[in-house]
Amino acid sequence: MPDTTEPDTTEPTTAESRTRRSEPAKSDPALSSAESGVQRPPAEVRHADELARLRETDDAPRPPGWALSLRAARAFVVGDPSRGISAKFVGNPSLVDRALVTLATTRGLMLVGEPGTAKSLLSELIAAAVCGESTLTVQGGAATTEDQVKYSWNYALLVAEGPSPRSLVPAPMLRGMAEGKVVRFEEITRCPLEVQDCLLSLLSERVVAIPELTGPDAMVFAREGFSVIATANTRDRGVNEMSAALKRRFNFETVFPIADLDTELDLVEREAGRLLERSGVRVAPRRDVLEVLVRAFRDLRDGTERLSSVMSTAEAVSVAHAVGLRGWFLRGEAGTAADVVECLAGTAAKDNADDLARLRRYLEQQAPRQSGEQWAQLHRARHLLSG
Ligand SMILES: Nc1ncnc2c1ncn2[C@@H]1O[C@H](COP(=O)(O)OP(=O)(O)OP(=O)(O)O)[C@@H](O)[C@H]1O
Ligand SMILES: [Mg+2]
């Protein structure tokens with residue numbers, strides 16, 4: 001059974017020595033013991049026990065270089081109660097199957113969708129399942145350069161010794177290729193087009209040329225297991241449209257918001273409960289308060305008082321977290337509907353006066369139409385809306 005840190009690979013590449021020295025101490029027990037102080041450890045650390053259990057029992061065929069079979073990777077992402085594997089991404093399992101199959105081909109996987117629909121979470125979970133590591137990540141942005149994608153140099157060594165494998169500093173893409181790992185490219189459409197274009201030959205030829213070096217070091221060949229998962233936001237696509245040539249090298253999968261209210265409510269309850277526990281809050285969030293919160297988010301996302309701000313599930317989780325923190329640290333109890341109103345303005349209205357007006361109308365006119373004590377409280381607390 002191959003180890004996640006050393007997937008079953010073919011011949012070593014010339015970049016092996018180069019990449020060895022910068023390998024993260026992922027399997028290092030020190031990392032897990034340091035976990036307690038880390039706000040959000042990577043998926044392979046958060047779910048290390050589940051990954052280990054899946055590896056032990058996984059006897060299904062797996063693509064070359066993969067740490068888990070497709071079936072086990074899918075169970076890791078969407079959960080499998082019969083094996084005690086928790087559901088982490090809530091969504092259509094066939095989307096996960098398609099995503100995994102794409103990664104086993106030579107095409108990249110592009111996850112697109114509205115903000116806060118768990119594209120980043122899904123790419124992190126898939127990377128952790130497929131290669132045991134989700135931290136080979138390029139965080140795309142307007143200032144991203146080709147150096148941050150492929151490689152750069154240690155300038156002190158470069159001046160002292162000239163270009164050499166020692167002075168080369170591999171970036172995530174080069175490391176992923178040399179080690180046969182999944183590389184995540186977050187928010188790819190925020191990058192300038194010329195940076196996006198540097199992926200073209202890399203994805204089709206599966207090799208990076210380093211012209212400054214000579215001999216076998218001048219080419220880094222991708223090992224089995226290398227693949228790319230990119231994410232892009234449908235709202236920000238206009239920032240830098242994706243180049244047509246790059247589109248052809250990716251299979252697109254759209255991640256949709258959670259359609260069913262109860263499923264979304266369960267997720268918000270679970271995630272907010274987890275965050276509150278980490279924050280030292282001793283009371284669980286109230287289900288009736290969360291239901292008001294999630295319903296209000298859904299109304300403000302799609303209803304007649306639709307806001308221009310993003311009212312995603314991710315935002316709902318963070319408001320539910322804030323509501324619980326207010327209740328506990330200010331009064332020593334669970335958060336209430338009045339706390340929801342206090343927290344809503346900063347999330348929903350942000351800097352848009354029209355959104356604030358819509359939110360006021362919602363609390364004024366639509367909240368009293370709903371039945372239940374928490375809705376009545378939400379309505380009564382409308383004057384707490386700041387701004
Ligand atoms: N379908 C879902 N399954 C699991 N968690 C979800 C889902 N939708 C939203 N979430 C929540 O949202 C959080 C993840 O949001 P994430 O940052 O991955 O979204 P995103 O689509 O990458 O957003 P952005 O476009 O802003 O980058 C999760 O930690 C979880 O709490
Ligand atoms: Mg994201």
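I count Ala, Val, Leu, Ile, Met, Phe, Trp, Tyr, Cys and Pro as nonpolar, Asp, Glu, Lys and Arg as charged, and the others, Gly among them, as polar.

**Entry 1: model and confidence**

I am working from a predicted model, in which local features need pLDDT of at least 70, side-chain atom pairs count only at pLDDT 80 or more, and totals for chains, interfaces and linings use all residues. I number residues from 1 along each chain as its sequence is written, and I letter chains from A and number ligands from 1 in the order in which they are written. I looked up pLDDT (the predictor's confidence in each residue, from 0 to 100): the mean for the chain is 89, and 89% of its residues reach 70 or more. Over residues 1–35 pLDDT stays under 50, and there I find 59 contacts beyond four places in sequence (contact: C-beta atoms, placed from the backbone, within 7 Å).

**Entry 2: ligand 1**

I sorted the shell around ligand 1 by class and got nine nonpolar, eight polar and two charged residues. A residue is near the ligand if its C-beta atom, placed from the backbone, lies within 6 Å of it. Of the 19 residues around ligand 1, those that come nearest are Ala118, Lys119, Ser120, Leu121 and Ala314. Two or more shell residues come from each of α7 (119–131), β8 (227–233), α14 (261–278) and α16 (313–331). I take helices (H or I, at least four residues) and strands (E, at least two) as DSSP runs, numbered from the N terminus. Domain 1 (16–254) and domain 2 (261–384) each give at least three residues to this shell; the bounds come from an automatic or database domain assignment.

**Entry 3: helix α5**

I call a residue buried if 20 or more other C-beta atoms lie within 10 Å of its own, exposed if 12 or fewer, and partly exposed in between, with C-beta atoms placed from the backbone. Helix α5 (residues 70–78) has eight of its nine residues buried, so it is largely enclosed by the rest of the structure. I list the buried ones as Leu70, Ala72, Ala73, Arg74, Ala75, Phe76, Val77 and Val78. Their cover includes α4 (48–57), α6 (93–104) and α7. Just after α5, I note a positive phi of about 90° at Gly79.

**Entry 4: strand β5**

In strand β5 (residues 182–186) five of the five residues are buried, so the strand is largely enclosed by the rest of the structure. I see Val182, Arg184 and Glu186 pointing one way and Val183 and Phe185 the other. Strands pair if DSSP finds at least two bridges between them. β5 pairs in the parallel sense with β2 (residues 137–139) over three bridges, and Gln139 stands opposite Glu186. β5 and β8 also run parallel, joined by four bridges; there Phe185 has Ala230 as its bridge partner.

Definitions and conventions:
Contact = placed C-beta atoms within 7 Å.
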